[in-house]
Amino acid sequence: MDSVRSPEWPVAPLGGVAANSAAARYGMSPGTGPIVGRTGPPPAAPPPYRPPSGTASVPPPGGKPAAPPIPVKILVAGGFGVGKTTTVGAISEIAPLTTEAEMTSAGIGVDDPGARSTKTTTTVAMDFGCVTIDRSLKLYLFGTPGQTRFGFMWDDLARGALGALVVVDSARLDDCFPAIDFFERAGLPFVVGVNAFDGRLALELAEIRWALAIGDHVPLVQFDARDRLSVRDALLVVLDRALDRATRDRRA
């Protein structure tokens, strides 16, 4: 795959990880919102699921212990710098595991973070988080690295996954083609989620679907990687797609 030329990156200032925070990434002024998924755990992480009061002490019928929630593995994939780490950090009910490393001059001309980006770090292995949907279902989220040179990890990360959310920057559609091609070849149900940088898209959703050449059977949604409820809605579409696939396979 041909590399994409990018302008010289500025030298990362001290505290470069903080410079890659959601506030810097999305042009938010300091203090307007939590820094998600970069410099540490969300300051107000949502609590895990707890049964409604009055039901926790009631034994299930037959005296059998309640079954643990079913684990469901979901991938969060996409190109370099599209918001995968932020997506995982925004929804995870635990402090997300991230493997961020400072970018160096060796990546100039190889890794293109985009003209609008102040990104100074990159995921070198994976991101990990989890979220409980209800007492019977728990999602485990694995964020893939975006650079082509880490593509050898994708097969291992995809093993056992039931679906994927492909995160897209509408201003850099070329970066998402490898992820879409990978899941189409793997036969894994996926949803294309267009991350609304600065709260807006560079193209309309219909134009993005045409440019990506994806069929009508592939859901295409707009979401905000910084917003927990927006990420939740996108993941529920992935879950619904995976459930539909499993139902059809069972009937076959």
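Helix H3 (residues 84-91) lies across E1, E4, strand E5 (137-143), E6 and E8, at about 40° to E4; contact here means heavy atoms within 4.5 Å, and axes are lines fitted to C-alpha atoms, for helices over the stretch in contact, with angles from 0 to 180 degrees between N-to-C directions. Helices (H or I, at least four residues) and strands (E, at least two) are DSSP runs numbered from the N terminus. The model is predicted: local features need pLDDT of at least 70 and side-chain atom pairs pLDDT 80 or more, while totals for chains, interfaces and linings use all residues. Residues are numbered from 1 along each chain as its sequence is written, and side-chain values use heavy atoms, leaving out hydrogens and water.

The sheet itself is open and mixed, with six strands in the order E4-E5-E1-E6-E7-E8; two strands pair if DSSP finds at least two bridges between them. Strands E4 (127-134) and E8 (220-223) form its edges, each pairing on one side only. From one strand to the next, the twist averages 25°. Five bridges join E1 (residues 70-78) to E6 (residues 163-169) in the parallel sense, and Ala77 has Val166 in E6 as its bridge partner.
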